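Student: Please pick one part of this model and go through it closely. Give the cut-offs along with the values.

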Amino acid sequence: MRIAASILAMGIALCATAQTKLFQEPYRPQYHFTPPVNWTNDPNGLVYHQGTYHLFYQFNPFGNEWGHMTWAHATSKDLLHWKQAPIALKEENGIMMFSGSAVWDKDNSSGFGKGTSPLVAIYTGHTDTLQTQNLAYSVDGGTSWKKYTGNPVLDLHKKDFRDPNVFWYAPTKNWIMAVSQPIEHQISFYGSKNLKDWKHLSNFGPAGDTSAVWECPDLMPLPVLGSNGKTKWVLYTSQNSTMQYFVGEFDGQQFLSDNPTGPILKQDHGLDYYAAVAYYQTANKDIVSIGWVNSWNYANAIPTKPWKGAMSLPRKLALKKMGDEYQLVQTPIDALKTLRQTVQTLPNKSFQNTETLLLKGSSYEMQFRLIPGAQTQSGIRLAVGAGRYLELGYDASKQVLYLDRSKTPSAFNARYAELSRAEAALPNTGKIDLRIFLDASIVEVYAADGTVVMTAQVFPEPGDTGIQLFSNGGISQFEGIQFWKMGSVH
Ligand code: FRU
């Protein structure tokens with residue numbers, strides 16, 4: 001990232017960064033996206049255009065807490081190395097720029113193109129009393145943006161109505177918008193020929209988790225693995241600091257869930273994953289999502305500066321048929337392997353109690369197969385220091401994968417301290433395959449081929465870099481242990 005240029009582009013004074021060099025501060029992720037300075041939350045406007053990935057992100061230009069919501073902008077060729085671009089959409093006339101999406105309007109259906117194919121952003125304009133959907137466009141490949149003078153394009157005179165996600169639906173030659181009616185726990189679908197005039201098509205919900213307002217919908221067709229090209233439609237929503245998804249069909253008008261009264265399905269069973277949305281097109285034709293790694297329970301209180309908030313690893317999405325149900329499969333994008341440094345391989349192990357490994361680090365990837373003994377709790381401890389560690393374990397009697405950060409520093413916030421453990425059901429097939437990413441203050445765990453994923457923040461003491469395997473209540477085996485320090489993207 002070109003730091004000096006990016007800071008200037010954001011219009012932010014460098015004095016905010018004190019003495020520490022940017023991107024070398026305590027807790028700073030080295031291969032996850034973070035803004036150089038200041039607050040971020042949701043990823044916005046994910047679009048791939050002429051070989052460039054655009055990432056817009058909710059941003060506060062004036063500080064390190066939520067406020068003055070703005071769309072900041074970064075671009076990348078590989079979804080890992082990001083260059084900051086000028087701020088795209090600024091708060092204006094008391095209207096904040098809330099979350100939304102961006103599309104490449106190839107045929108200039110909007111007329112914004114003036115002989116070219118514009119990029120069009122569809123965002124929520126927010127005031128304390130009104131949320132509406134609005135357009136902005138760029139005719140220079142995303143560098144500069146103009147708000148449409150005919151805004152808003154969709155106004156229901158409601159206080160809560162936000163986070164439009166737009167895509168092109170070829171069979172009916174329509175733009176489709178999925179947009180949240182947060183209080184009603186509904187996603188509304190609208191159709192348009194020109195991105196300006198929108199017609200209501202249908203609503204989905206309430207369904208699944210209705211314990212809090214629904215935000216940030218995303219609707220996309222995902223490939224079913226091993227099915228020779230079959231796809232199923234998947235709808236994402238975010239609520240209550242977690243996410244859920246529904247699998248079903250979309251006919252251009254209406255989304256029908258296969259199982260509207262079924263169990264709640266979660267993209268991520270950790271403590272810090274929210275507002276994820278996807279690139280519908282990538283260089284490999286994959287669908288790749290990015291989520292915000294933080295939790296509204298304590299988001300403003302995390303101890304990082306001069307920035308707050310990060311994006312998850314980009315995850316390639318697919319579905320797997322398990323019995324009659326479809327399950328989401330998430331795989332970190334292949335390009336991540338280019339950041340791996342020399343592999344370190346350890347011999348297989350079989351033991352009870354704990355074994356400290358010779359490996360150490362704060363930004364790495366690791367994988368192994370756990371063969372848990374009957375009735376054991378076994379797994380790995382990361383960020384190990386004197387009596388401190390983050391535990392990732394499998395409880396063979398409960399058949400759950402768990403993440404426990406209660407033995408890591410938490411004094412900065414009571415709610416964070418309280419939310420110290422997460423669990424996910426994972427049947428005991430005798431072999432638990434784990435792929436683990438630690439990156440300073442972020443841990444992401446992909447189990448069972450990406451069918452169970454957990455993401456969480458952790459704020460270790462400096463120097464807490466040890467790694468330990470453990471097996472309580474009996475002997476467990478650890479096979480195929482591989483470890484890579486990860487190169488920095490900065
Ligand atoms: C989700 C969210 C969105 C909103 C944005 C405001 O985290 O609450 O619903 O558009 O953040 O920053």
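**The interface of domain 1 and domain 2**

Tutor: Two salt bridges are found by the rule across the interface of domain 1 and domain 2, a salt bridge being a side-chain nitrogen of Lys or Arg within 4 Å of a carboxyl oxygen of Asp or Glu. The model is a predicted one, in which local features need pLDDT of at least 70 and side-chain atom pairs count only at pLDDT 80 or more, while totals for chains, interfaces and linings use all residues. Residues are numbered from 1 along each chain as its sequence is written, and side-chain values use heavy atoms, with hydrogens and water left out.

The domain assignment gives domain 1 as 2-18 + 28-334 and domain 2 as 340-485; such bounds come from an automatic or database domain assignment. Taken over C-alpha atoms, the centres of domain 1 and domain 2 are 30 Å apart.

A salt bridge joins the side chains of Arg 315 and Glu 444, with 3.0 Å from N to O. Polar contacts between domain 1 and domain 2 number 20 residue pairs, both residues at pLDDT 80 or more. A polar contact is a pair of N or O atoms within 3.5 Å; within protein, one must be able to donate a hydrogen and the other to accept it, and residues adjacent in sequence count only if both atoms are side-chain atoms.

On the side of domain 1 that touches domain 2, strand E20 (315-322) and strand E21 (325-332) each supply at least two residues. Strands (E, at least two residues) are DSSP runs, numbered from the N terminus. E21 gives the largest share of that side, five residues. By class, this side of domain 1 has 14 nonpolar, eleven polar and five charged residues. Here Ala, Val, Leu, Ile, Met, Phe, Trp, Tyr, Cys and Pro count as nonpolar, Asp, Glu, Lys and Arg as charged, and the others, Gly among them, as polar.

In total, 30 residues of domain 1 are in contact with 33 residues of domain 2, where contact means heavy atoms within 4.5 Å. The size of an interface is often given as the accessible area lost when the parts come together. Domain 1 and domain 2 bury about 2,600 Å² between them, and 58% of it is on carbon and sulfur atoms. This buried area is the accessible area (1.4 Å probe) that the two parts lose on being put together, summed over both.

Some backbone details lie elsewhere in the model. Most residues other than glycine have a negative phi, and most peptide bonds are trans. The peptide bond from Lys 305 to Pro 306 is cis, with omega near 10°, and Pro 306 sits in the loop between strand E18 (288-292) and strand E19 (307-308). Another cis peptide bond runs from Asn 151 to Pro 152, with omega near -5°.

Terms used. Helices (H or I, at least four residues) and strands (E, at least two) are DSSP runs, numbered from the N terminus.
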